[in-house]
Amino acid sequence: MGKATHEVEYEQMLLSRHSFLHQRGGRRRDGALERSAYVLLSRLEVQGPMSIGELSEAFGLDASTVNRQTAAVLRAGHVERIPDPEGGMARKFRLTEAGARALREEREGIVSSLERVMGDWAEEDIAAFAAYLRRFNTGIERLGARPWPRP
C-alpha cells in the first residue's frame with residue numbers, strides 16, 4: 001500500500017483545495033451556501049431534526065462551533081428551532097422549506113460542475129468512482145465511529 005497511499009494523500013489534498021464546485025465563473029456565487037452550512041443542511045435533510053448535542057456528536061465538533069454554524073443558518077432562514085418531537089428537553093433544528101430549496105439549488109450547481117469535469121467519462125467510470133468514494137468515506141466514518149446516514 002505504501003506508494004499508493006502517498007498518491008491518495010496527495011490527490012486528496014488537491015481535491016480539498018478545489019472550491020470551484022461552489023462557484024461559478026471563478027467567483028463565489030451570490031446566495032451560495034458556505035461549505036459548513038451545506039454539510040449541516042445535508043445532515044438535517046437525511047436525518048431529520050437534531051439538537052446541538054446531536055450535531056456536535058455527529059460532526060465531532062465542539063458545541064460552540066456547532067452553535068455558531070446553526071446560528072448562521074438560523075439567521076438565513078434555512079433552519080428553524082422546534083421542540084423535540086420525541087419529547088426531550090433540548091430543542092432541535094429542522095430544515096425549513098427555504099433551507100431545502102437553498103440546499104437543492106446548491107446541490108444542482110455542484111452536480112452541474114461535476115458533470116462538466118466528468119463530461120468525457122463513461123457512466124461506468126463515474127459509478128466506480130462514486131463507489132470508491134463511498135468506500136473511502138465509510139472507512140473514515142468507521143474509524144471515527146461517526147457513520148453518516150445516506151439517502
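1. Tryptophan 121 is partly exposed, with a relative accessibility of 35%; the class lies between buried, under 20% relative accessible area, and exposed, over 50%, computed with a 1.4 Å probe on protein chains only. The model is a predicted one, in which local features need pLDDT of at least 70 and side-chain atom pairs count only at pLDDT 80 or more, while totals for chains, interfaces and linings use all residues. Residues are numbered from 1 along each chain as its sequence is written, and side-chain values use heavy atoms, with hydrogens and water left out.

2. Aromatic rings. Rings of Phe, Tyr and Trp (for Trp, the six-membered ring) pair if their centres lie within 6.5 Å; planes under 30 degrees apart are stacked, over 60 edge-to-face and the rest tilted. The count by this rule is 2 aromatic pairs. One of them joins tryptophan 121 to phenylalanine 129 in an edge-to-face arrangement, with 5.5 Å centre to centre and 75 degrees between the planes. Phenylalanine 129 is also partly exposed, at 38%.

3. Charge over a ring. Arginine 43 places its charged end over the ring of tryptophan 148, 4.6 Å from the ring centre. The criterion is NZ of Lys or CZ of Arg within 6 Å of the ring centre and within 35 degrees of the ring normal.

4. Nonpolar core. The largest nonpolar core holds 20 residues, and Leu33, Leu41, Leu44 and Leu55 have the most contacts inside it. Two or more residues each come from α2 (35-47), α3 (52-59), α4 (63-75), β4 (92-95) and α5 (97-117), and α2 supplies the largest share, 5 residues. Such a core is a set of buried Ala, Val, Leu, Ile, Met, Phe, Trp, Tyr and Cys residues joined through side-chain atoms within 4.5 Å. Helices (H or I, at least four residues) and strands (E, at least two) are DSSP runs numbered from the N terminus.

5. Leucine 41. Apart from neighbours within four places in sequence, leucine 41 is in contact (heavy atoms within 4.5 Å) with Leu33, Val73, His78, Val79, Leu95, Gly99 and Leu103.

6. Serine 42. This residue lies in helix α2 and is buried, at 10% relative accessible area. Leaving aside neighbours within four places in sequence, serine 42 is in contact with Leu103 and Arg107.

7. Alanine 145. Which residue has a positive phi although it is not a glycine? Alanine 145 does, at about 55 degrees. Most residues other than glycine have a negative phi. Alanine 145 is found in the segment after α6 (123-144) and is exposed, at 59% relative accessibility.
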